[in-house]
Amino acid sequence: MHWRTRAEEGDLKAVRELVTATGFFDAAEQDLAVELVDETLARGADSGYEFLFAQNEQNAGLLGYACFGRIPATASSYDLYWIAVAPGEQGKGLGAKLLEKAETLCREQGGTRMFVDTAGRSQYSPTRAFYERMGYEKAAVLDDFYAEGDAKVIYAKSLTAK
Ligand SMILES: CC(C)(COP(=O)(O)OP(=O)(O)OC[C@H]1O[C@@H](n2cnc3c(N)ncnc32)[C@H](O)[C@@H]1OP(=O)(O)O)[C@@H](O)C(=O)NCCC(=O)NCCS
């Protein structure tokens, strides 16, 4: 496994292919995932986005990635903006490794708390199970946020608790 934090031009295509392949994200969400890479390529650290990419040893294609960043105007809170693992690689521990490494990177920068938004609809129940398994606690539920009957569920985890 090869890990990389610096976004590269080829990630624009690789991220689109990966998020599309998961079948989880609609066209607007796919565009948004690519925009975060584009913004980072254009503005570097000023973008507020950080990435962690997992590739196989031959560097051919992305196996998974996470995007996160410090939440502006907070002392030390971070947001996990995106995490995705290629369908053929899911359920083998890669998502856990990506998230643990992202949390470590945040902690090293003084981050004390990680937040992540997800959806309440049934399609996202595996995603919620993943966050809960990774030590995230449901901090808030915003009913009917995404659509009637589809809540935004905000999870949080302390990055400093032992
Ligand atoms: C969510 C996602 C990132 C998890 O990555 P993954 O590599 O499949 O997860 P892992 O194999 O590392 O699993 C880590 C832990 O979460 C649990 N978990 C993962 N998927 C689960 C599921 N569907 N149901 C219950 N638990 C699950 C695993 O059992 C594991 O716990 P364990 O160590 O006790 O076995 C990945 O499945 C994915 O990309 N899904 C589609 C996109 C998505 O939902 N992204 C997040 C929203 S932005």
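User: Which residues in H3 are buried?

Analyst: This is a predicted model, and burial is read here from relative accessible area, with buried meaning under 20%. In H3, the buried residues are Leu94, Gly95, Leu98, Leu99, Ala102, Glu103 and Cys106.

User: Why does Gly95 count as buried?

Analyst: The value is compared with the cut-off, and buried means under 20% relative accessible area. Gly95 has a relative accessibility of 13%, so Gly95 counts as buried. Gly95 belongs to helix H3, which covers residues 94–108.

User: With which residues is Gly95 in contact, leaving aside neighbours within four places in sequence?

Analyst: A contact needs heavy atoms within 4.5 Å. By that reading, Gly95 is in contact with Ile83, Val85 and Phe130. A C-alpha separation is another quantity to read: Gly95 and Ala66 are 29 residues apart along the chain, and their C-alpha atoms are separated by 8.7 Å.

User: What should the 15 residues of H3 span, at 1.5 Å a residue?

Analyst: The expected span is 1.5 Å times one less than the number of residues. For H3 that gives 21 Å, and the end C-alpha atoms are 21 Å apart, which agrees. Just after the helix comes Gly110, with a positive phi of about 95°.

User: Now a strand residue. Where is Thr118 found, and why does Thr118 count as buried?

Analyst: Thr118 is found in strand E5, residues 113–119. The same cut-off of under 20% applies. Thr118 counts as buried because its relative accessibility is 5%. Leaving aside neighbours within four places in sequence, its contacts include Tyr124, Tyr131, Tyr146 and Tyr155. Thr127, Arg128, Ala151, Lys152 and Val153 are also in contact with Thr118.

User: How many helices and strands does the protein have, and in what order do the elements run?

Analyst: There are 4 helices and 7 strands. Starting at the N terminus, the order is β-α-α-β-β-β-α-β-α-β-β. The radius of gyration is 15 Å, close to the 15 Å from the globule rule for 162 residues, so the protein is as compact as a globular protein of that length. Along the principal axes, the C-alpha trace spans about 40 × 35 × 30 Å.

User: What do the totals give for burial, contacts and surface?

Analyst: Buried residues are 41% of the 162 residues. Of the contacts with a separation of 6 or more, 57% are between residues 24 or more positions apart. The accessible surface is about 8600 Å², with 50% belonging to carbon and sulfur atoms.

User: How many positive and negative side chains are there?

Analyst: The protein has 18 positive and 25 negative side chains, and the centres of the two sets lie 7 Å apart.

Technical notes
Residues are numbered from 1 along each chain as its sequence is written. This is a predicted model: local features need pLDDT of at least 70, side-chain atom pairs count only at pLDDT 80 or more; totals for chains, interfaces and linings use all residues. Side-chain values use heavy atoms; hydrogens and water are left out. Helices (H or I, at least four residues) and strands (E, at least two) are DSSP runs, numbered from the N terminus. The radius of gyration is taken over C-alpha atoms; the globule rule is 2.2 Å times the number of residues to the power 0.38. Buried means under 20% relative accessible area, exposed over 50%, partly exposed in between (1.4 Å probe, protein chains only). Accessible areas come from the Shrake-Rupley method with a 1.4 Å probe; for residues, only the protein chains shown count as cover. Lys and Arg count as positive and Asp and Glu as negative; His and the chain ends are not counted. The place of a charge is taken as NZ of Lys, CZ of Arg, CG of Asp or CD of Glu.
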